[in-house]
Amino acid sequence: MENTDEVINYHESKFIDQNGLLQTLKIPVVQDLARLKTLPRNFIRNPAATDPIPADTLFEAIDMAKLRGESGRVSELRKLARISKEWGMFTIENHGLDPWVLEHVKNVVKGFFELPFEEKKSSVGTYMSTDNMGYGRNFVKSEDQPLDWIDRLAMKAAPEGATDGLCVWPKNPANFRQVIEKYVKAAREVLDELLQALAEAISLDKGAFSQYFDQKSSEINVRVNYYPPCPRPDLALGITPHTDGSALTLLLQFESSNGLQVCKDNQWLTVPWPCNTLLVNLGDFIEIMSNGRLKSSWHRAMTQSDTDRFSVALFYIPPAQMEIGPVKDGEPIDEEYKKVVVGEYLKHFYKVNPTATKEAIMFAKRADVAHRSRIKMKAEHLKMMMVEHQRRPKPR
Ligand SMILES: O=C(O)CCC(=O)C(=O)O
Ligand SMILES: [Fe+2]
């Protein structure tokens with residue numbers, strides 16, 4: 001590592017190794033590494049190249065005012081179905097969330113990350129179980145795993161009492177919890193509306209998805225992602241490719257855009273998502289409930305050399321004990337997905353991730369469908385790797 005006079009702090013990452021033993025790894029806080037000129041070796045991973053977005057691609061924002069109105073609703077639902085199927089995500093406008101609340105979210109998030117490391121640590125713990133909550137980093141499961149260029153803060157904002165007894169809410173800024181909880185309360189209404197719109201958009205009953213989201217026991221996990229400037233964005237990733245273990249994820253980004261990428265038709269594209277606006281990502285549970293008519297997106301986060309980037313993700317998840325499966329709409333359907341208990345699915349999701357391809361969802365697919373999907377996925381992955389290999393400059 002480069003010589004630097006300033007102190008580099010470390011997160012402790014605990015994991016159970018292949019022999020069932022508890023291991024602790026020290027992972028540098030990337031916020032402290034941001035001033036380095038070279039990328040430390042354990043962050044190097046040669047991400048696949050980014051492809052330019054084809055000129056005829058449309059990624060228009062979904063106008064929630066039209067979804068709420070009478071006249072434009074049908075055509076907006078059609079647009080919602082098209083964009084969701086093409087991208088596995090969409091941006092929203094006219095959502096009605098108070099801009100002041102969003103501004104406060106940005107301020108408390110920046111306020112927290114501006115604190116010295118020890119102060120951040122003093123009010124927030126790091127938890128291995130309970131979904132990796134607290135201040136720290138993404139799941140690290142082995143010493144050889146390339147590290148993500150990210151510091152993050154994770155907590156549960158719902159159900160009520162989910163974080164009782166845990167130190168996951170920063171005490172500084174003093175209004176952190178209050179601000180995030182206010183945002184989550186309003187965001188839940190938007191997410192409920194979108195669950196209904198998505199069901200209608202694929203010709204299901206309005207309540208087909210939202211029926212699973214009990215106000216008292218559904219979960220909303222909050223993850224604040226901070227990507228400081230990185231010396232080699234071409235060799236590092238902010239978040240490794242993954243799907244979200246949610247039905248929907250509502251994302252706010254600020255300070256810069258151009259960090260989120262999605263794998264679309266076997267190409268990695270930078271999502272044309274403007275800074276300071278909201279994006280909705282489709283997670284694994286919506287794929288299962290829609291019997292694959294809507295697919296969870298395979299996405300990743302890139303880093304940039306000259307700017308910070310923050311994102312705040314709200315993961316909307318049905319109650320842990322709930323059994324979900326393909327929703328029936330009166331017509332007989334060929335079910336490709338099985339019923340799964342939400343908590344069991346998530347246990348599997350956290351156990352297998354990270355994976356090279358979209359593997360976690362196979363847990364919810366019928367065995368023959370999973371077999372076919374795996375063969376197709378592996379062939380596509382191999383093809384992408386070969387294209388990437390050909391593109392890479394050859395050593396002289
Ligand atoms: O930072 C982003 O835009 C993506 C974050 C993300 O994918 C996640 O938190 O699951
Ligand atoms: Fe994600």
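In this predicted model, the end C-alpha atoms of residues 216-318 lie 10 Å apart, and the span is 6% helix and 45% strand. An unreviewed UniProt entry annotates residues 216-318 as "domain: Fe2OG dioxygenase".

The residues around ligand 1 include Arg-223, Asn-225, Asp-244, Gln-253, His-299 and Ser-311. Among the others there are Ile-239, Leu-251, Leu-260 and Ala-313. By type, this shell divides into 5 nonpolar, 5 polar and 2 charged residues.

| Strand | Residues | Share of the shell around ligand 1 |
|---|---|---|
| β7 | 219-227 | at least two residues |
| β9 | 248-254 | at least two residues |
| β13 | 299-301 | at least two residues |
| β14 | 309-317 | at least two residues |

The four strands in the table are β7, β9, β13 and β14.

Another element to look at is helix α3, made of residues 73-87. Its 15 residues reach 21 Å from the first C-alpha to the last, close to the 21 Å expected at 1.5 Å a residue. Which residues of α3 are buried? They are Glu-76, Leu-77, Lys-79, Leu-80, Ser-84 and Trp-87. Seen down the axis of α3, these buried residues fall within an arc of 160°, so they line one face of the helix. Val-74, Ser-75 and Arg-78, on the other side of α3, are exposed.

The cover over the buried residues of α3 includes the helices α2 (64-68) and α7 (176-201), together with the strands β3 (62-63), β4 (89-93), β10 (260-264) and β12 (278-282). After α3 comes Gly-88, with a positive phi near 70°.

How values were computed:
Residues are numbered from 1 along each chain as its sequence is written. Chains are lettered from A and ligands numbered from 1 in the order in which they are written. This is a predicted model: local features need pLDDT of at least 70, side-chain atom pairs count only at pLDDT 80 or more; totals for chains, interfaces and linings use all residues. A residue is near a molecule or strand if its C-beta atom, placed from the backbone, lies within 6 Å of it. Ala, Val, Leu, Ile, Met, Phe, Trp, Tyr, Cys and Pro count as nonpolar, Asp, Glu, Lys and Arg as charged, and the others, Gly among them, as polar. The expected span of a helix is 1.5 Å times one less than its number of residues. A residue is buried if 20 or more other C-beta atoms lie within 10 Å of its own, exposed if 12 or fewer, and partly exposed in between; C-beta atoms are placed from the backbone. The arc is that of the directions from the helix axis to the C-beta atoms. Two residues are in contact if their C-beta atoms, placed from the backbone, lie within 7 Å. UniProt positions are given in the numbering used here, feature names are shortened, and annotations may be inferred rather than shown by experiment.
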